[in-house]
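Dear colleague,

I am passing this structure on to you, and I would ask you to keep it open while you read the notes that follow it.

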Amino acid sequence: MILVTGGAGFIGANFVIDWLAGHDEPVLNVDKLTYAGNYGTLQALRDDPRHVFVCEDIGNRAAMSAIFERYRPRAVVHFAAESHVDRSIDEPREFIDANVTGTSELVDVARLYWERLSGAEHREFRFLHVSTDEVYGSLSVVDPAFTETTPYAPNSPYAASKASSDHIVRAYHHTYGLPTLTTNCSNNYGPYQFPEKLIPLMIQRALTGDELPVYGDGRNVRDWLYVGDHCDAIRTVLARGVPGQTYNVGGNNEKTNVEVVHFICDLLDAIKPRENGSYREQIRFVTDRKGHDRRYAINAMKLRREFGWVPRETFPSGLEKTVRWYIENGAWLEDIRSGAYRRWNPQSALKRA
């Protein structure tokens, strides 16, 4: 089986669901169920014997050691992280605890477990660390896109905590030989994303008739990656990546924030029109956030050159799928809005763990 950390979060849950849709290999899903972890997202897997859920903190060394020894995973796919820049500005210590300390404990437990393996189990074990393009800092409009050799220059507490975790994972490969892989992705979007992030936030607020707040002048640029494409890239790297290597994963879709909001409004105008006027009328420009990076862009040619990987979704096709999903899954979104999602009880899953 494979061990997935943070598998009740946005990208992790999509990865687990996609994995079990295409593989018979079981998944051991370890998630602390913080505010952004939603066990309800995994309800379709509740009676699937291939999915074992454990509610645990990756920073709990004793618990994670016991988990490794009991389940003996052949690989770790490490998603678990605090990931919202705004929250990192308000509560930076939480990001250090989760992303730096948590990762350092997890990778050390994995290292000790791997060192006790032998033969094919030892040779084939992998530790895949999922990271972000934000570790590279900010680009100007004319700068070339980030590559795997771009120097790190994180500008927010979140980015700094992920950069630190990247360095820790890299050091474990070079010092101990642990077969690690690191992926640095651009902005993800798609089903099950917590509505504090731009795209689900705008969809939610548009549908409830609220203002659509856009930071600053709205010209900050991000490269947008559909979450299903990201999951596919991670599976590719897990299967074919070279230990010790880093792989950038991008969607080839650079858009300004205001362009993204316009796309959303126009799709909603077509799919679920307001009684009067356009959703664009709800857009309001608000004070920019502290230290807001101007542009991110990912060069994913290494993945394409070595493995033939390219994203399947364009931004229009992926965004339409996303908007339709949120419209059709209003109950999931309402559970987030009301806080009801925090009442999901994982005990039925824990009995199998």
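In which strand is the place of Thr180? In this model, which is predicted, Thr180 belongs to strand β6, made up of residues 180-185. Thr180 has a relative accessible area of 3%, and because buried means under 20%, it counts as buried. Once its neighbours within four places in sequence are set aside, Thr180 is in contact with Phe127, Val169, His173, Val242, Pro243, Gly244 and Gln245.

The next point is the nonpolar cores. The largest of them has 35 residues, and those with the most contacts inside it are Val4, Phe15, Val77, Phe79, Leu128 and Leu303. Among the elements that give two or more residues to this core are β1 (2-5), β4 (75-78), β5 (126-132) and β6, while α1 gives the most, with seven residues. Another core, of 28 residues, lies apart from the largest one, and Trp224, Val261, Trp325 and Tyr341 are among its residues. In soluble globular proteins, nonpolar side chains tend to be buried together.

With a disulfide taken as a pair of cysteine sulfur atoms within 2.5 Å, the count is zero. Cys185 is in no disulfide, and the nearest cysteine sulfur, that of Cys231, is 10 Å away. Cys185 counts as buried at 6% relative accessibility, whereas Cys55, at 30%, counts as partly exposed.

With best wishes

Technical notes
Residues are numbered from 1 along each chain as its sequence is written. This is a predicted model: local features need pLDDT of at least 70, side-chain atom pairs count only at pLDDT 80 or more; totals for chains, interfaces and linings use all residues. Side-chain values use heavy atoms; hydrogens and water are left out. Buried means under 20% relative accessible area, exposed over 50%, partly exposed in between (1.4 Å probe, protein chains only). Helices (H or I, at least four residues) and strands (E, at least two) are DSSP runs, numbered from the N terminus. Contact means heavy atoms within 4.5 Å. A nonpolar core is a set of buried Ala, Val, Leu, Ile, Met, Phe, Trp, Tyr and Cys residues joined through side-chain atoms within 4.5 Å.
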